[in-house]
Amino acid sequence: MPTALVTGPTTGIGRAFANKLAREGYDLVLVSRDEARLKETAADITRRYGVDCEVLAADLTDSVELARVEERFRTGPIEVLVNNAGFGQKKPFWENPVDVEEKQLDLLVRVVLRLTHAAIQPMIERGSGAVVNVSSVAGFLQRNIYSAHKAWVTTFSAGLATGLHAKGVAVMALCPGFVHTEFHERMGMDKSLIPSFMWLDADELVEAAWKDLQRGKAISVPSRRYKLIVLAARFTPRALIARVSTMGLDPRRRA
Ligand SMILES: NC(=O)c1ccc[n+]([C@@H]2O[C@H](COP(=O)([O-])OP(=O)(O)OC[C@H]3O[C@@H](n4cnc5c(N)ncnc54)[C@H](OP(=O)(O)O)[C@@H]3O)[C@@H](O)[C@H]2O)c1
């Protein structure tokens with residue numbers, strides 16, 4: 001059986017990816033911090049889909065723990081990597097301790113860079129494999145520092161996709177809009193500030209992303225409404241984008 005490694009697979013978009021990959025017949029390596037929750041997730045996926053699940057408990061913002069995860073790409077073949085783990089922040093840049101800002105930069109940018117690098121070396125040697133980097137529609141907008149990190153993920157992935165296509169390795173940035181997960185509760189955001197039609201379902205999002213990966217897309221923006229938003233953002237004045245981008249954030253705290 002081929003093997004896929006998913007970061008942040010215990011809930012939300014990562015959990016939807018883990019389920020989808022298991023349904024597609026992949027054995028899984030599951031990586032996040034909460035070991036008990038990882039084991040529950042692994043047991044549930046094995047019971048439902050009959051695939052093997054390996055658990056790697058690691059805080060990816062810790063360089064020693066991240067190195068253990070990078071090592072996993074050298075000890076056995078990984079055909080698909082989903083770089084998904086992430087968190088958002090309610091407060092703007094200037095109100096957070098710089099260490100918290102650096103942790104977010106580490107998880108959303110540095111970890112994506114290092115795990116992608118570790119994953120693609122053996123993929124290039126084998127001439128096959130895929131990396132999905134979970135970015136965000138926010139990367140096309142101006143939603144706090146989060147937009148800067150996600151813009152990096154999208155550009156990084158699209159650039160790699162061009163270079164690696166001829167080597168048989170697919171790289172895709174998945175850019176979701178608002179998705180029902182634990183993300184907003186964890187950051188303390190009031191979800192009722194976002195209109196209901198803006199919310200996506202994680203399983204439907206991942207189904208659409210998987211189709212886009214099979215079609216060879218470098219950037220996937222699931223759902224017609226978010227495709228339109230991304231298109232409109234290219235032709236909209238910066239100041240207007242800034243107003244729309246901060247939807248759901250405390251007006252006093254918009255960065
Ligand atoms: N939800 C949205 O509206 C939305 C929209 C666009 C993009 N995204 C992106 O989608 C990705 C997944 O978000 P989600 O909404 O599914 O979030 P979520 O429900 O909060 O899940 C986050 C996952 O990441 C893991 N994680 C967090 N910090 C970690 C760390 N330091 N090391 C290892 N694992 C860590 C969590 O497990 P532990 O806590 O056990 O570590 C959990 O499994 C993120 O990159 C996010 O930026 C989300």
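Q: How many bridges join strand S2 to strand S3?
A: Five bridges join S2 (residues 27-32) to S3 (residues 53-57), and the two strands run parallel. Strands here are DSSP runs of E, at least two residues long; helices are runs of H or I, at least four residues long; both are numbered from the N terminus. Two strands pair if DSSP finds at least two bridges between them.

Q: What kind of model is this, and how are residues numbered?
A: This is a predicted model: local features need pLDDT of at least 70, side-chain atom pairs count only at pLDDT 80 or more, and totals for chains, interfaces and linings use all residues. Residues are numbered from 1 along each chain as its sequence is written.

Q: Back to S3. Which residue there is the bridge partner of Val 29?
A: Glu 54 is the bridge partner of Val 29 in S3.

Q: And how does the chain cross from S2 to S3?
A: The chain goes through helix H2 (residues 35-49), in a right-handed β-α-β crossover. Right-handed has a set meaning: with the strands pointing away from the viewer, the path from the first strand over the helix to the second runs clockwise.

Q: What does Leu 56 touch?
A: Leaving out residues up to four places away in sequence, Leu 56 touches Val 29, Leu 30, Val 31, Arg 68, Val 69 and Arg 72. Contact means that the C-beta atoms, placed from the backbone, lie within 7 Å.

Q: What separates the C-alpha atoms of Leu 56 and Asp 34?
A: A distance of 9.8 Å separates them, and the two residues are 22 residues apart along the chain.

Q: Zoom out. What is the strand order in the sheet?
A: The order is S3-S2-S1-S4-S5-S6-S7, an open sheet of seven strands with parallel pairing. S3 and S7 (219-220) are the edge strands, each pairing on one side only. The chain has nine helices and seven strands.

Q: What about S4, where do its residues point?
A: Val 80 and Val 82 point one way from S4, Leu 81 and Asn 83 the other way, and all are buried. In a regular strand the side chains alternate between the two faces of the sheet.

Q: What joins S4 to S1?
A: Three bridges join S1 (residues 3-7) to S4, running parallel. Leu 5 stands opposite Leu 81 there.

Q: And how many bridges join S4 to S5?
A: Four bridges join S4 (residues 80-83) to S5, again running parallel. The bridge partner of Val 82 in S5 is Val 132, and Asn 83 stands opposite Asn 133. The chain crosses from S4 to S5 through helix H4 (residues 98-126), and this β-α-β crossover is right-handed.

Q: How many residues of S5 are buried?
A: Six of the six residues in S5 (residues 129-134) are buried. Gly 129, Val 131 and Asn 133 point one way, while Ala 130, Val 132 and Val 134 point the other way.

Q: What stands opposite Asn 133 in S6?
A: Ala 173 does. Six bridges join S5 to S6 (residues 169-174), which run parallel. The chain gets from S5 to S6 through helix H5 (residues 144-164), in a right-handed β-α-β crossover.

Q: New topic: the ligand. Which residues come nearest?
A: Gly 8, Gly 12, Arg 33, Gly 86 and Phe 183 come nearest, out of the 28 residues around the ligand. A residue counts as near if its C-beta atom, placed from the backbone, lies within 6 Å of the molecule.

Q: Which element gives the most to that shell?
A: Helix H1 gives the most, with three residues.

Q: Last one: how much of the chain counts as buried?
A: Of the 255 residues, 38% count as buried. The C-alpha atoms fill a box of roughly 50 × 40 × 35 Å, taken along the principal axes.

Technical notes. A residue is buried if 20 or more other C-beta atoms lie within 10 Å of its own, exposed if 12 or fewer, and partly exposed in between; C-beta atoms are placed from the backbone. Two residues are in contact if their C-beta atoms, placed from the backbone, lie within 7 Å.
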